[in-house]
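Subject: Structure handed over, with notes on what was found

Dear colleague,

Here is the structure I promised to pass on to you. Please have it open while you read, as the notes below go through it part by part.

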Amino acid sequence: MIKLYRRAALTAFATLPLVGSNVRAQTVDFPDRPLRLVVGFPPGGPNDLLARIVAPGIGERLKRSVVVENRAGANGEIAAASVAKSAADGSVIMLGSNGSTTVAAALNRQLPYDVRRDFTAVAPIGINPMLLVVRNDLPAKDVTGLLALARAQPGKLNGASAGAGGATHLALELFKSLGKVDIVHVPYKGGGPAMADLMAGLVDVYFGGLSTALPHAKAGTMRALAQTSLVRSAAAPDIPTIAESGLPGYDAAISYGIFLPAGTPSILVDRLHAAVDATVRSPEVAAKFTELGADPQFGTPAEFASYVADDLAKWARLAKEAGLKAD
């Protein structure tokens, strides 16, 4: 297992609430009814599957039933808005990705919630890297070769995404920014059509979810050059990271974590953190994460808050530099 954080690089993030109401510990407990674990996507996707993996362990440790509630829509923003307005009594918990928190905030100033003020960061649970894949007949065999090819032919290569403003698009834009290359963005309505055109040779480059792109790469219908996390995923240990392949510091993994509404008493934040951390550290849960192409992550509420702050700053810089806005 790996840690999401590099402790030496952590910075304070005073605006993200970490400490709840100053209430005596012995008078505060989770409500004596089922707790709602809100997910902003339909059943069957990564967010939903991860929630259903961790919910039983969290419930067992809190001695409460934890029910997964799917509130799909607007890339997770509908769910986040509902949690932000919920009672800060521990009854409503959110499993959110950086797509509906930091990325959404970086691209959309009109969100009905403020990531920095409306949530309490509790714990990270995992990251899901993407794979940088190219069409089979592209001359580039690795990241260095792709950068050289793109620099030699500015504006000639095209990079697909599953949609403007989404994770696959931002991964491409970060690659372009750090690599100082000009690759034309071609947005699709979903990852399936984007990968189909990549396999057909109609586009050159794509950043696809590891769990969906890896089987195609193994089957030989596209070539995997690298993965987007800072550390190699346990699901693909033989594929190097972009950071170790020519672009130091590149990190565009999809991260997942647990949040509570701002103002939740600190004793409940600490108890939920302990339950989440113990659940994610269990071998059974770790194995299920790996099957989904995700790697378990650990950190204190303060560390997770610092990560959220750093992630928001990174995507905000990129959005300003590349002129990106929510689709």
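In what follows, helices (H or I, at least four residues) and strands (E, at least two) are DSSP runs, numbered from the N terminus. Lining residues are those with an atom within 4 Å of a point of the pocket. Please keep in mind throughout that this is a predicted model.

I begin with the largest pocket, which holds about 1,000 Å³ of space. Its lining is made up of 45 residues, and those that lie nearest its centre are Phe 41, Asn 75, Ala 167, Thr 168 and Ile 254. Two or more residues of the lining come from each of α1 (46–62), α3 (99–107), α5 (167–179), α6 (191–199), β8 (205–209), α7 (210–219) and β10 (254–261). Among these elements, α3 gives the most, with 5 residues. By residue type, the lining divides into 23 nonpolar, 20 polar and 2 charged residues.

Next come the sheets. One of them is an open sheet with mixed pairing, in which 5 strands follow the order β7-β6-β8-β5-β9. Its edges are β7 (184–187) and β9 (223–227), and because each has a single partner strand, one side of each is left without a neighbour in the sheet. On average, and with direction ignored, neighbouring strands of this sheet are turned by 30 degrees against each other. Strand β5 (residues 130–134) runs antiparallel to β9 and is joined to it by 4 bridges, and within this pair Val 133 stands opposite Ala 224 in β9.

Asp 142 and Leu 225 are 83 residues apart in sequence, yet their C-alpha atoms are 5.1 Å apart in space. With a relative accessible area of 38%, Asp 142 is partly exposed.

There is also an open sheet of 6 strands, again with mixed pairing, in the order β2-β1-β3-β10-β4-β11. Here β2 (66–70) and β11 (295–296) stand at the edges, each with a single partner strand, so one side of each has no neighbour in the sheet. Strand β1 (residues 35–39) and β2 run parallel and are joined by 5 bridges, with Val 39 standing opposite Asn 70 in β2. Helix α8 (residues 266–281) lies across β3 (92–97), β4 (119–128), β10 and β11, and runs at about 10 degrees to β4.

Finally, a few single residues. Ser 82, in helix α2 (residues 77–84), counts as buried because its relative accessibility is 19%, under the 20% limit. Leaving aside neighbours within four places in sequence, Ser 82 is in contact with Val 38 and Arg 71. Ala 74 lies in the loop between β2 and α2 and has a positive phi of about 55 degrees although it is not a glycine; Ala 74 is partly exposed, at 47% relative accessible area. Lys 180, in the loop between α5 and β7, likewise has a positive phi, near 55 degrees, in a residue other than glycine, and at 69% relative accessibility Lys 180 counts as exposed.

With best wishes

Notes:
Residues are numbered from 1 along each chain as its sequence is written. This is a predicted model: local features need pLDDT of at least 70, side-chain atom pairs count only at pLDDT 80 or more; totals for chains, interfaces and linings use all residues. Side-chain values use heavy atoms; hydrogens and water are left out. On a 1 Å grid over the protein atoms alone, a cavity is a set of points where a 1.4 Å probe fits but cannot get out, and a pocket is an open set with protein on both sides within 12 Å along at least five of seven lines; lining residues have an atom within 4 Å of a point. Grid points are joined across faces, edges and corners, and a volume is the space filled by probe spheres set on the points. Ala, Val, Leu, Ile, Met, Phe, Trp, Tyr, Cys and Pro count as nonpolar, Asp, Glu, Lys and Arg as charged, and the others, Gly among them, as polar. Two strands pair if DSSP finds at least two bridges between them. Axes are lines fitted to C-alpha atoms, for helices over the stretch in contact, and angles run from 0 to 180 degrees between N-to-C directions. Buried means under 20% relative accessible area, exposed over 50%, partly exposed in between (1.4 Å probe, protein chains only). Contact means heavy atoms within 4.5 Å.
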